[in-house]
Amino acid sequence: MKTKTKRSRSKLGLPLVLALCSLFFLAGFYASTLLSQDAPVIRPRLRRLEMLKSESVSAKEHRPMPYGVTGEASVESIPFQVLSWKPRALYFPGFATPDQCEAIIDMAKLRLRPSALALRKGETIESTKGTRTSSGTFLSASEDKSGVLELIEHKISKATMIPRSHGESFNILRYEIGQKYDSHYDSFNPSEYGPQTSQRIASFLLYLSDVEEGGETMFPFENGAKITSKYDYKRCIGLKVKPRQGDGLLFYSLLPNGTIDRTSLHGSCPVDKGEKWVATKWIRDQVQNE
């Protein structure tokens, strides 16, 4: 009897040991899982602190500074993208509203005339026929009682950091299907055009309409890789900027040392579908009288 009792106890003890081992294993696994979750609980707090710190720095950076007599009281932001360093070309998305663009088109519609060219030495109207086939007109902010052109001029002066007084009147242009402007410079080389009383520093193009196909502003010498005297000025190649209503394009015709930037050669590709409207503001190195 004693022998049977001992055997029965030993048989009952093994399952109990296994059960206890399993229990301890599960308890240890659960505890280690809880401990391993401590780190993620702390990390978000650190991230929140870092975010708050960066926000406070950002807020401090955008606080207005004391300003001078000719300065302005508010901090402003005009989004832009650098399209090229050679030439210096910047793209400004949403520079003007659709309503502002349509208002400028309405002002110009009844005044359009075939676009003219500044002729080089030896050139004639007949010899340059077909180089520029758009129609256009000039509008000054003083003629616009709605104030739209004045508002755009103020914004351009902030984007360029060149006073409004240095800008020519807006040249409003319309390109219909097939119309284009062959590659050219906005600056005037004295050896080709004669002595200049002032020089065009930069050009700001405000696209007044979308163009379904074609009509891109192109820079064939972008990065200086294709500069050659044998270049075909009618070709539409290089860096191309597609017109989108309200967007702006700024590029500089002169280098920082005041000489003409050869990579600023540009043109308007033929419109293949739709119609292209653009307002061009040429900016000079001296005050302009309207």
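A salt bridge, as I use the term, is a side-chain nitrogen of Lys or Arg within 4 Å of a carboxyl oxygen of Asp or Glu. With that rule I searched the whole structure and found twelve salt bridges.

**Ground rules.** I am working on a predicted model, where local features need pLDDT of at least 70 and side-chain atom pairs count only at pLDDT 80 or more, while totals for chains, interfaces and linings use all residues. I number residues from 1 along each chain as its sequence is written, and my side-chain values use heavy atoms, with hydrogens and water left out.

**Entry 1: salt bridges.** I looked up Lys-281 and found a salt bridge with Glu-153, with 2.6 Å between the closest N and O atoms. The pair links distant parts of the chain, 128 residues apart: Lys-281 lies in strand E14 (residues 276-284) and Glu-153 in helix H4 (residues 148-160). I take helices (H or I, at least four residues) and strands (E, at least two) as DSSP runs, numbered from the N terminus. Both Lys-281 and Glu-153 are buried. For me buried means under 20% relative accessible area, exposed over 50%, and partly exposed in between (1.4 Å probe, protein chains only).

I then checked Asp-182 and Lys-180, whose side chains form a salt bridge at 2.9 Å, N to O. Asp-182 and Lys-180 are both buried. I also noted one network, in which salt bridges that share partners join Glu-150, Glu-153, Arg-164 and Lys-281.

Arg-174 and Glu-176 also meet in a salt bridge, at 3.7 Å from N to O. I list Arg-174 as partly exposed because its relative accessible area is 22%. Glu-176 is partly exposed too, with 34%.

**Entry 2: the inside.** I searched for nonpolar cores (sets of buried Ala, Val, Leu, Ile, Met, Phe, Trp, Tyr and Cys residues joined through side-chain atoms within 4.5 Å). The largest has 29 residues, and Ile-152, Ile-172, Leu-206 and Leu-208 have the most contacts inside it. Among the elements that give two or more residues to this core are strand E2 (88-92), helix H3 (98-108), H4 and E14. A second, separate core has 13 residues, including Leu-205 and Phe-251.

Leaving aside neighbours within four places in sequence, Ile-152 is in contact with Phe-95, Ala-96, Gln-100, Phe-170 and Leu-206.

**Entry 3: Trp-85.** I located Trp-85 in strand E1 (residues 81-85). I count Trp-85 as exposed because its relative accessible area is 66%.

Conventions: Contact means heavy atoms within 4.5 Å.
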